[in-house]
Structures are given as C-alpha cells and as structure tokens.
There are 2 protein chains.
Amino acid sequence: MSEIDTQETSPIARLLETWSHLTAEEKLQTFRSLPAGESEDFFLALDAREHAALFQDFNRAERRLWLRFLAPDDAADLIQELPEELRGEALAMIDEKIRREIIALLSYREDEAGGLMSPRFVRVRPDMLVAEALRYVRQQALFVDPIHYIYVLDSNQRLLGVLSLRQLFVSPAEKRMSEVMEDKVVTIPDEMDQEQVGRMFQQHRFVALPVVDREGLMQGIVTLDDILDVSQEEATEDIQKLGGQEALDAPYPQVPLPEMIKKRAGWLMLLFVGEMFTATAMQQFEGEIEKAVVLALFIPLIISSGGNSGSQATTLIIRSLALRELRLSDWRRVMGREILTGVSLGGILAAIGMVRILLWPNRATAYTEHYALVALTVGLSLIGVVLFGSVVGAMLPFLLRSLKLDPASASAPFVATLVDVTGLVIYFSVARMLLTGTLL
Amino acid sequence: MSEIDTQETSPIARLLETWSHLTAEEKLQTFRSLPAGESEDFFLALDAREHAALFQDFNRAERRLWLRFLAPDDAADLIQELPEELRGEALAMIDEKIRREIIALLSYREDEAGGLMSPRFVRVRPDMLVAEALRYVRQQALFVDPIHYIYVLDSNQRLLGVLSLRQLFVSPAEKRMSEVMEDKVVTIPDEMDQEQVGRMFQQHRFVALPVVDREGLMQGIVTLDDILDVSQEEATEDIQKLGGQEALDAPYPQVPLPEMIKKRAGWLMLLFVGEMFTATAMQQFEGEIEKAVVLALFIPLIISSGGNSGSQATTLIIRSLALRELRLSDWRRVMGREILTGVSLGGILAAIGMVRILLWPNRATAYTEHYALVALTVGLSLIGVVLFGSVVGAMLPFLLRSLKLDPASASAPFVATLVDVTGLVIYFSVARMLLTGTLL
C-alpha cells in the first residue's frame, strides 16, 4: 500500500477538514508552506468563498499567480465573492481573452445555470472525420480538463450534437462527426434555476450537460461536481429554514455574530408576535382557569403535542415537494392520509394521557374529584389538536407553493405557533362542553 | 432548435415526473408502450426500488431481458429490493460470470462503498505502452460505459496508479503506463460509510474513485452520479429526523399508512411522555396560578419562545456538524456564541413582550394593577428561556455526537420539550421573586 494514498493519509483531505478552524493569518501561513504541487491541488479543492478570502490576504504577485491559475468559471466565482472595490483590480490582472469570458460569466446570477457553467469545452464541426476529430481533440485536451463530451457545433455556435470521448474513441475513423454524434441532446437553458439544473442531472445521469441561450447557441457546460455542491447547499437552506430562520449564506462558524442574530431575530420576532395570540386566547378562558386551575396544568402538554405532530407532517411534505415526489395536485390525497394519521396518532397520545391521569396515585387531590372528566377532556383535546396539527402542517407547504412562495418557510416553529393558538381554543371548548356543571 | 431536445420536450423527463403518481398497472402499461430506444433510456433512469417493482409485474421474458440489460451493480441493487423469495429466481436468470459479480456485490451493505460500487472498470498493466493501452482500452470501451479513468493494476489486482482517458489520450505513444500514470491515488476502503464517501468526492472532485479492500486489491469504482443520490438521501434523512420522527425509507406517497404512523408514533409518544413533566412542574406552581391567573396567560408565549430559539440553534449545529464545518472540539466556542446570541434574541423578545403589556389599552384590567411587575416578570423570563433554549439546542447535538449517537436526533421538537419544562420553572421562579408581596 506504500504507493497508494488513502483517505487517512491524504494531506489535502486532512488540511481541508481543519481549514475552517484556522484564522486568516494561519491560513495564509499554512498555504504558503505547502510544497509545490500540493498547493495547486489544495487551492483547487477550496470553494469560491475561501478563494476570495485568501486572495485578499495575498500579496500582489500571489494574487496574479493564483487568479490566473483558476479556470475562467472559478475565477469568476472568486471575483463575485470579492468586495466591490477589489473586483476591477482583480479583472485587470487577467489576460484580455479570458477577461472577456469572465465578464460574460459575471453577467449571470450565481444560482442560475449560466452562473454555474464553465465556458471551456471541446467543440468540433459536423463535417469533420472521426480521425480528424481525434487529432483535434488531442490538441484541445492540453487546454481543456476534464474532457467528458465532445460537442458538435455549426459555424454559428449552434449545438447540433454530442458524443462522449469514449464514443469518439470507438467510432470508425472514416465516418463524419454528423454520422456518429447523438443528435438528441439534453440541454440546459442558461437562465434555468440551479435547483432545476440539479434535477436534470438526477434524471439524466450525465457527467456534464451543455448550456444554451435562447437562440440555441452553446454557452458552456455544467459538470456534475458543481451540482453536488448545489444539492448540498439547497438541502442546507431548507434545513435552516425548517428550523424557523433565514438561511445563513456561509458556514455557521464563519457567520459574524451580528449577522447571525439578524437572520434569527426576524423569524423569532414574527413567531413571537404570532404566539401573542395565545395570551389573547387565554384571556377568553381566564374564567375557566380561575374556577378550575387543574385545566392550566395540561396546557403545555396539549399545545406541544399539536406542534410536534405538525412539525412531523410539515417536514415530510416540504422534503417530498422539494424532491418532486409530490405535486401541487396531490394535496387532496395528502390531506386524506394526514386525517387518518392525525386521528391515529392523537388516539395513541390520548390513551397514554388518560391512563396517566386515571391511574395517578393521588389523582383525586392532583386532578380534583372529577379526574375522570378531566382525563376525558385531555384525551378528546389531544385527538383534536394532533389531528389539526397534522393537517395544517401538511397543507401549509402546499398553500405556500401554490402562492409561489418557498414551501420550506412553513417551518416547524411556524406550524407550532399556528397550532398553539388553535390548540388552546380546542382544549377550552372541549372543557366547557364536558365540565360545565361540575368543575366549571 | 428542431434537432435539440430541450428539457421542456424530453419525454423521459416528463414521464419521470409523473411516474410516482401512476398505479402499478399503469406503470406496466406505460412502460410497455414506450418506443424501442426510449424504454432503455427510461429504464436506466429509474431507481432500484422502481426497477424491483416493475420486475415483479413483468412476465418471465421481460424479467430476463431487463435484468440482463442492467449493469451488475444496478442488477444487484434491483435484487436487493426484491422480496426474499424472488431473489434466487432472479439470480438464476443471469449468466454465470455476471452472477458471480452480483453475488460479490450483494455481500456489501447498501450504505457502504462496496454497496455503491460498480465492478466494471478499465484495467491495464504497468508495463504496457501507451499505444498498446490505447488499443486495449478501445476494445474494452465496447463493454464498459462510461469510461473516465484507466486503472493500472499488477497481476494480483493491486492498484498501482490511475490516469484519465484524456491523459492517456495526450500521453506519448512510446511511454510505459507506469511512467505516465498518477501513482498518488485517492482510494476508498470498501467498508467506508456512504456519507464519508460523499465527503471524499466533495474534497477531491473526481468523477469516479476506486474502491479497494483491506489488502489494497481493487474491487470496483464509485461514480459521482451515485453520490448525488446518496447526498440527497442523507439530507432527506436528516430533515425527517429534525421534524421529530424516524426517517422514512421511501418517498412519502409510497410509504404505507400503518408504517408511516409507526415511524411517527414512536418519537411522538416519547416527546409526549417527556412533556408530561410540564404537568408535574405546573403542579408545583398551582398555588401561584390560583392567586394570579394572569400568570397562566403567558405560559404558551414563554415556553414556545424557548422552543423556537432552541429549534434554530439545533438545526444550525446539526447541519454544520453533518457538513464537517464544526468539530466536536468546537463546542466551547459555539457555547460562547450561543450565550451572546441567546441574550440578544431574548432581549429583543423581552422588549416586544414588555411593550405589549405596558402599552395595552386595558392593561390594568387585563393584567391587574401590578401590570408593570407582570411585564418585568415576562421580560426577564423571556431572556432566561431564550438563552436556555439557544444553549441547550446548540449543545445537544454535540452531546449526542460525543456519545456516538446521530446528532440529527436532537430534533426541534425534542429540544422544545426539554426547554418547555425548564421554561416553566424559570418563569414561575422569576414570578415568585418579583411578585411575592404584591400578586403572590
């Protein structure tokens, strides 16, 4: 195994794991101390944010060297991460031809296909012979890396067909490209959202897909490894939103404290204001609580059960919508399922809750002599609240999607807040029905 | 654009989107009605679960045809998804040589590198000339698809080096493979967990990585497109656990109702039993509520604010740990951040809550003549509860990880339940301190 560099011994992998824990100064020192060869591999493994951070700490010679070392799309990403005032200087360090490529890339939004693509790909003409194409690709291979597919373009850069390097390799030398190419090409419009680009890759399982503009002219390629990052990013955003906050734009340890507080305070305030309605609702039932303080005991238990079941339903549905397992038109079917689920789950909790009250050693002193009626009130309320939580939690993402909003905004805390207010109303209404004449 | 098949018009993509909404019978009919050529592409785009479902509905001739059509790793996945009693029959349909490959693959767990890998790759000997290797690869290219890398193995199948098809292509014809290959190879142990395999791909950005056993013998390759599915799956699992439930093993619409209820009931019951301590805690403060019913009004508001801030913290930390942005040893630093964040967020909510009480039109009747003291009680409790929620929510994932448990089990509802009980104790303790002598 001496020649084989396994994960345990890969210095790049190890350095990457510890990288985010270093200070800016340590990063610069560590990077400068890497042996030649390793520093190139390591630099390529960093993301655009880290590229930009290092770039700002580099001296002028290093800036020039490393910026020119990157492929045009990675250089464009680095420049996008720089503060406004440094961008012009960075662009000026690059040769005219590549600068033009980069400026074209900078015109795309980061989260659309054009912003993900590389403008470097291997192109051939349809009337070329396979033997000619092989020689030609061999020349281009010195400048384009990696090469997975060969794209066949007409003189206007219109995409006519594609074949893999492997297919070119096994094609008869005397055939024309137009005869051996695949002319049913899956393409990506340059303005397609990155989430949708990710789904295209999952459906088609290619290593790279060509990006075309509205006229069908080829602009570049998006490769599968870019999509892996995108899919992680999108999942991170959804998870953070599900926690009831705005998505952070950077890893947790790197977000400045004031920015993190801002991202969390917004939703927390909104939820707090929503939750204030619980105080208003409770005021309507102050008389009941005064007469039967025992009712207050179960308030947290009942409303949290609604929140928990709502949180389950909403996370399931949000993820299923994101993965396109569910469509908008499925809402009826989902509602049916959640009604059944809600009644079952509510029934289970009701049984546990009632047993707890009915079999509690000092039940008569803890829950008054009408403890059986209290148990029934708690049980029926639990069924109602869990049912309501499951249905609201499941329907809210559908509602948001149909309003063209992000379903992931239906966070667990948001659903819990909605359910809390209603849960109180359900609980005290059941209590009024069952306990008037005894406790009330 | 007539020759170019864009996403809007791709029949395979469209069919995939609607596929999960068809009944088994409709799926079989639709699949059988696909034109030749398209049915192959479509079948390859389906996942193992769908392969197995179709397989069971196929007639004998179709079973044989489509099972043999799949690559060995995909066939192994299909067989793994079949009910026990069908597996022998399926294996018997396959030729001896490939059957042996498949049986070897079946010995790996689905979620380890060996379970993800394909046993098909292009291998050459180190003493081959580049010109020979090119001819040899050309022959193998008819059977192996796709080809990204050429692996150099000794006669014992020990992995010595690797080079990409592109590199082979541009290498001088008279050199030996051992001279042009890259001998620092990143490899994956065959028993590595799929989550870690995903991280290897993110660090190294290769299209495929070789899998070796403990002796360093090459077993197969894992390709980037498999990893895309894995990364989606892992994110889905984490999201579902964050919602306070066991991860479903299949898309929401396909999970039978009893199974889904079972997966949700477990955690819901556990949370419910935990939440019962709120009733016990409340009993200790029954005297206070009896004297000052106004205190009951703010119970849901206060405990839910703790739950919400805990939910934010826990989702941020769980995701950061999953992405390896944070390590176990970072817990102190995170605690420091969360204390500052908790105090700030708690302060903001306290301000809103106090303003609401102090400026409410009929504050004296709604919140008694001591409404200013009530406001102070609510405000201080909010700071305490939000601080507690943020710190507990952030520390719990670290605690679970250090106990070798899955941090994602620290779901938002779980944290909320922990915080609810403590929140009540904080609230009534503050009330006792501030209100004894006036309201209490």
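**Entry: A:Met192**

I looked up A:Met192 and found it in the loop of chain A between strand S5 (186-189) and helix H13 (194-204). The model I am reading is predicted. Is A:Met192 buried, exposed or partly exposed? I noted 19 other C-beta atoms within 10 Å. A residue needs 20 or more to be buried and 12 or fewer to be exposed, so A:Met192 is partly exposed.

Next I looked for its contacts, leaving aside neighbours within four places in sequence. I wrote down A:Glu112, A:Ala113 and A:Val197 for A:Met192. I then checked A:Ala113 by distance. A:Ala113 and A:Met192 are 79 residues apart along the chain, yet their C-alpha atoms are separated by 5.4 Å.

**Entry: A:Val343**

I moved on to A:Val343, which lies in helix H19 of chain A. With 17 other C-beta atoms within 10 Å, A:Val343 is partly exposed. Which residues does A:Val343 contact, leaving aside its neighbours within four places in sequence? I found A:Ile383 and A:Leu387.

I also took a distance from A:Val343 to A:Thr365. The two are 22 residues apart in sequence, and their C-alpha atoms are 31 Å apart in space.

**Entry: positive phi at two residues**

I looked at A:Arg324, where phi is positive, about 60°, although the residue is not a glycine. Where is A:Arg324 placed? I found A:Arg324 in the loop of chain A that lies between H18 and helix H19 (331-359). I noted 15 C-beta neighbours inside 10 Å, so A:Arg324 counts as partly exposed.

In chain B I looked at B:Gln157. This residue is not a glycine either, and its phi is positive at about 70°. B:Gln157 sits in the loop between S3 and S4 of chain B. The C-beta neighbours of B:Gln157 inside 10 Å number 15, and B:Gln157 therefore counts as partly exposed.

**Entry: the sheet S2-S3-S4 of chain B**

I found an open sheet of three strands in chain B, in the order S2-S3-S4 and with mixed pairing. Which strands stand at the edges? They are strand S2 (122-124) and strand S4 (159-164) of chain B. Each has a single partner strand, so one side of each is left without a neighbour in the sheet. From one strand to the next, the twist averages 30°.

I then went through the pairing of S2(B). S2(B) runs parallel to strand S3 (residues 149-153) of chain B, and three bridges join them. I followed B:Val122 across to S3(B), where its bridge partner is B:Ile150.

What lies across S2 and S3 of chain B? I found helix H10 (residues 130-140) of chain B there, running at about 150° to S2(B).

**Entry: the hairpin S6-S7 of chain B**

I looked up another pair of strands in chain B. Strand S6 (residues 208-212) of chain B pairs with S7(B) in the antiparallel sense, over five bridges. For B:Val212 I noted B:Met218 as the bridge partner in S7(B). The hairpin of S6(B) and S7(B) has five residues between the strands, and B:Gly216 takes a positive phi near 80° in this hairpin.

How many residues of strand S7 (residues 218-223) of chain B are buried? I noted six of its six residues, and the strand is mostly covered.

**Entry: domains of chain A**

I read the domain assignment of chain A, which gives domain 1 (7-107), domain 2 (122-239) and domain 3 (252-435). I then looked up the distance between the centres of domain 1 and domain 3 of chain A, taken over C-alpha atoms, and wrote down 49 Å.

**Entry: how chains A and B meet**

I turned to the contact between the chains, which takes 114 residues from chain A and 114 residues from chain B. Which element of chain A gives the most to the side that touches chain B? I found helix H18 (residues 299-322) of chain A, with 16 residues. I sorted the side of chain A that touches chain B by class and wrote down 62 nonpolar, 30 polar and 22 charged residues.

I then superposed the copies. Chain A goes onto chain B by a rotation of 180° with 0.0 Å of shift along the axis, at an RMSD of 0.1 Å. The two copies are thus related as by a two-fold rotation axis.

Why do I say that the copies meet through the same surface? Because 99% of the interface residues of chain A are also interface residues in chain B.

Technical notes:
Residues are numbered from 1 along each chain as its sequence is written. Chains are lettered from A and ligands numbered from 1 in the order in which they are written. This is a predicted model: local features need pLDDT of at least 70, side-chain atom pairs count only at pLDDT 80 or more; totals for chains, interfaces and linings use all residues. Two residues are in contact if their C-beta atoms, placed from the backbone, lie within 7 Å. Helices (H or I, at least four residues) and strands (E, at least two) are DSSP runs, numbered from the N terminus. Ala, Val, Leu, Ile, Met, Phe, Trp, Tyr, Cys and Pro count as nonpolar, Asp, Glu, Lys and Arg as charged, and the others, Gly among them, as polar. Domain bounds come from an automatic or database domain assignment. Copies are superposed by least squares on the C-alpha atoms of residues with pLDDT of at least 70 in both. Two strands pair if DSSP finds at least two bridges between them. Axes are lines fitted to C-alpha atoms, for helices over the stretch in contact, and angles run from 0 to 180 degrees between N-to-C directions.
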